[in-house]
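Subject: Structure for your review

Dear colleague,

Please find below the structure that I am handing over to you. My notes on what was found in it follow directly after.

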Amino acid sequence: MIDQKMGDYTISRSLGKGGFGSVWKAESSEGRQVALKVLHPQVLENQKVVRKFFHEAMILAKLDHPGICRLLEFFPDGDNYAIVMEYIDGTELKDILRTTGKLPFDQGFSIAKQTLDAFQYAHNNGILHRDIKPANIMITGNGDAKIMDFGIAKMSSTASHDTAASMLSIHYVPPERFDKNSEVDARSDLYSLALVFYEIFTGGKPFEATETSEIMFWHLNEIPDPPEKYCEDMPPHVSNAILKALEKNPDDRFNDFKEFSDALGHDDATPDDATVIMDTTGKAYEKAVTAAAQARQPQTETKPAGKKLFIPIVAAAVVVLVLSIGGYFVFNKSGDTAGDTATAQTAAKPPKLEEITHPVDKSKMILIPKGEFIMGSEAYSAEQPVQTIHLNKYYIDKYLVTNKQFQKFVEKTGYQTSAEKNGKGMVRIGRRWKEVEGASWKQPDGLSSIDGQDDHPVSQVSYKDAASYCKWAKKNLPTEAQWEKAARGPNGGMFPWGDSEPNDTMANFDNIVGSTTPVTKYEKGKSFFSIHDMAGNVYQWCRDWYDTGERKPKNPTGPKTGEERVIKGGSFVEGMESIRSSNRDRYEPSYSSFLFGFRCACEDL
Amino acid sequence: MVTIGAATHIGQEKKENQDSYAFNQPERGPDSAKGTFLVLADGMGGHSGGKHASIIAVSVAMAEYYRNRSDSIPVSLEKAFIKANTEVIKKSQTSEELKDMGSTLVAVVIISDKMYFANVGDSRGYIIDDNNISQFTEDHSFVASLVKAGAITEEEALTHPERNIITRAIGLKPELKVDLSEQPVILKEGQYIILCCDGLHGSVSNGEIIKIVKKYKKPGYICEKLVDKANENGGPDNITVMTAMIDNISLMSKLKNMFLNFTRSSK
């Protein structure tokens with residue numbers, strides 16, 4: 001493997017192997033040092049595991065905290081899959097404990113506080129670690145703790161007898177893990193972390209057992225000695241906090257890492273604006289924490305996770321593709337200003353709707369009556385200006401075009417999609433987009449088949465594919481104005497349901513589910529006109545060529561020519577900001593992505 | 001006298017048979033002093049790693065067992081397993097594709113009227129005596145440990161989603177703890193010893209095993225029919241079975257056993 005290339009990376013040396021694969025130090029073409037984890041072929045044989053990780057990787061890639069080893073990208077390379085992680089120059093806590101025994105209290109306390117901070121941040125973002133142990137905590141020369149392998153370790157524990165990686169280390173496993181019916185949550189990670197702290201402060205585990213069943217018995221039944229017994233510098237409240245985190249019943253533990261951290265108290269030895277940490281050579285480093293505090297900003301925010309996730313998600317989704325071609329989106333950190341422009345949704349009565357079944361593709365369509373609506377927002381220049389637009393009446397699909405409907409179209413016409421012709425389609429992997437071979441509407445992410453997902457929206461379709469379907473069905477794609485009116489209703493709500501923030505009952509967004517969902521699922525998130533999935537699930541192609549600025553006040557259809565077509569609605573990976581109904585993006589007509597689908601409209605039947 | 005039969009099958013769902021087995025029944029020469037040796041391994045690891053691991057484990061264990069002339073049978077068995085572990089690890093370091101291979105390994109030695117066993121992993125050894133079946137090996141598996149720790153019942157273990165996870169195997173770590181029979185098991189005429197991988201014991205119930213043993217009687221048939229039954233029941237894994245029928249215990253041994261039983265019951 002040495003000197004071999006994998007993706008854009010050249011492998012320089014082995015860093016060891018784990019349950020899920022081998023780890024290599026590698027260098028990117030820009031000279032960046034990374035740790036490249038190559039997944040075992042036998043792990044990859046379990047499609048379910050890979051699929052699950054694949055979705056989680058997208059979330060993992062968003063974690064940006066100084067205490068967490070970053071996942072940079074995740075890409076296929078021939079038969080293998082590679083996970084690219086930040087390269088950490090440090091020593092595993094496991095090795096430090098093996099050579100030094102327990103750590104000096106202050107040093108251990110600093111590591112404990114740092115790790116709790118990092119885990120709380122990940123927890124706020126909906127990620128559990130599930131395999132916390134000293135081998136997964138790296139200590140840098142500055143004494144900084146970095147948590148490794150979020151989500152990855154889990155892959156090996158779900159593997160079966162077919163893989164030698166299935167050897168479980170049960171030293172740090174919480175008792176509820178032994179009950180297959182009990183749910184594992186943050187309190188389980190908390191237990192494992194408390195065992196790591198126990199070892200940091202006392203130099204040993206709280207049990208002497210070596211046999212698997214005896215260790216299990218200990219986790220299930222035995223009460224640990226207070227760690228202060230083996231650590232004379234430990235204040236009683238720290239000892240008690242560790243014991244509380246080691247309670248057998250998760251309900252008796254802290255609810256989250258922050259509570260645990262608060263119970264440990266503050267490190268009085270450290271000044272307010274600087275942290276003094278000893279490195280392994282005993283040399284003291286004074287480290288200004290201003291930068292770290294800024295970097296740690298996300299976990300100190302009290303806003304809901306959806307809002308916090310906005311910047312990384314949008315940035316990741318759009319930066320590569322949009323900024324590089326001169327896009328001029330300005331990302332709004334708060335996400336609040338969009339509300340300034342939209343007239344508050346008045347408590348309009350739901351309209352009496354005319355619903356028909358389209359004769360060709362049997363889709364349910366809603367008649368949107370002629371009249372005015374408010375289009376655009378002040379939030380971003382691309383969405384400006386806010387205008388009152390008049391539209392004639394039109395019909396629009398109540399639901400997104402499904403895999404089943406698209407299948408019928410393909411069967412009738414023998415149509416080949418853009419991705420099928422190319423043999424590949426765009427898939428977002430970690431923070432980057434990649435063309436993945438084999439990705440098509442039948443296998444949108446290139447890995448998982450749509451079998452059993454008849455009622456999910458078709459995805460991995462280009463504008464051309466969507467328009468071809470519409471032509472066959474004797475319909476059309478909605479204009480951007482038609483789409484936006486169907487989403488926002490007459491009064492220009494920020495979201496299809498009004499101005500309130502989305503949650504997981506209204507829309508499939510922000511990777512809460514991590515994949516597409518049935519088109520009828522989000523009844524609570526339907527629009528004023530009862531149209532479903534106008535926020536999230538998949539982006540939807542519109543008929544218009546992309547343009548900005550003032551629109552025609554009546555039945556606008558966009559410019560006559562252009563290079564890119566408009567897409568609307570956000571997708572299952574985007575955060576709250578991108579699923580606003582005025583949000584817009586644009587791509588070339590032959591661009592096919594696993595996040596893109598469509599619905600049809602027509603003026604007449 | 002021991003009659004031995006064996007059968008192996010890929011099963012219904014796997015792409016490759018990664019199980020291996022071997023036996024040796026030396027009738028004369030120096031090996032005969034070390035008795036009859038039966039060994040079975042269930043390999044793990046993709047890209048044929050599992051197959052390599054189980055073949056190495058079986059062949060090295062057998063060769064090492066007979067090579068060692070001076071040690072007692074349990075010590076020879078332990079050394080054979082440790083050597084198998086070393087050789088599998090050595091092989092795994094020669095190729096990227098083999099580096100995480102491993103294997104279960106279970107072996108029995110039958111010498112006169114005594115049986116010794118050694119085990120690592122979740123392949124099993126049973127003794128069947130008329131309508132009774134007893135497992136003399138202990139599974140080194142996640143669920144077996146859960147049962148032992150009192151977290152779940154044996155019934156729950158049968159359907160536990162993590163019943164495939166093993167906690168000990170050949171070829172993973174340089175240090176290896178081998179389960180050995182502390183005392184030899186005294187055999188009786190008409191008993192059957194069965195070694196099998198989880199492809200059998202995970203698919204065929206103890207009741208079904210007894211039924212087949214009683215119906216088909218000859219070790220070769222028994223093994224074939226047990227494999228068929230596992231396949232009938234879905235065959236989710238490779239299936240390997242070895243059967244040894246104890247069909248003749250020497251008169252001396254019989255007398256010795258009678259004497260031992262007499263003295264034990266007199267205590």
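Chain B contains 8 helices and 12 strands. Please note that the model is a predicted one. Of the 267 residues in chain B, 53% are buried. When contacts in chain B between residues at least 6 apart in sequence are considered, 71% of them join residues at least 24 apart. The accessible surface of this chain amounts to about 12100 Å², and carbon and sulfur atoms account for 52% of that surface.

The remaining notes concern the backbone of chain A.

A cis peptide bond is present between Gln384(A) and Pro385(A), with omega at about -5 degrees. Pro385(A) sits in the loop that runs between strand 14 (371-375) and strand 15 (387-391) of chain A.

Positive phi values also deserve a mention. Arg130(A), which is not a glycine, has a phi of about 75 degrees. This residue belongs to the loop between helix 4 (105-124) and strand 8 (137-140) of chain A.

With kind regards

Key:
Residues numbered from 1 in each chain as written. Chains lettered and ligands numbered in written order. Predicted model: local features only at pLDDT ≥ 70, side-chain atom pairs only at ≥ 80, totals over all residues. Heavy atoms only, no water. Helix = DSSP H or I, 4+ residues; strand = E, 2+ residues; numbered from the N terminus. Buried < 20%, exposed > 50% of the residue type's maximum accessible area, 1.4 Å probe, protein only. Contact = heavy atoms within 4.5 Å. Areas by Shrake-Rupley, 256 points an atom, 1.4 Å probe, with all protein chains shown as cover.
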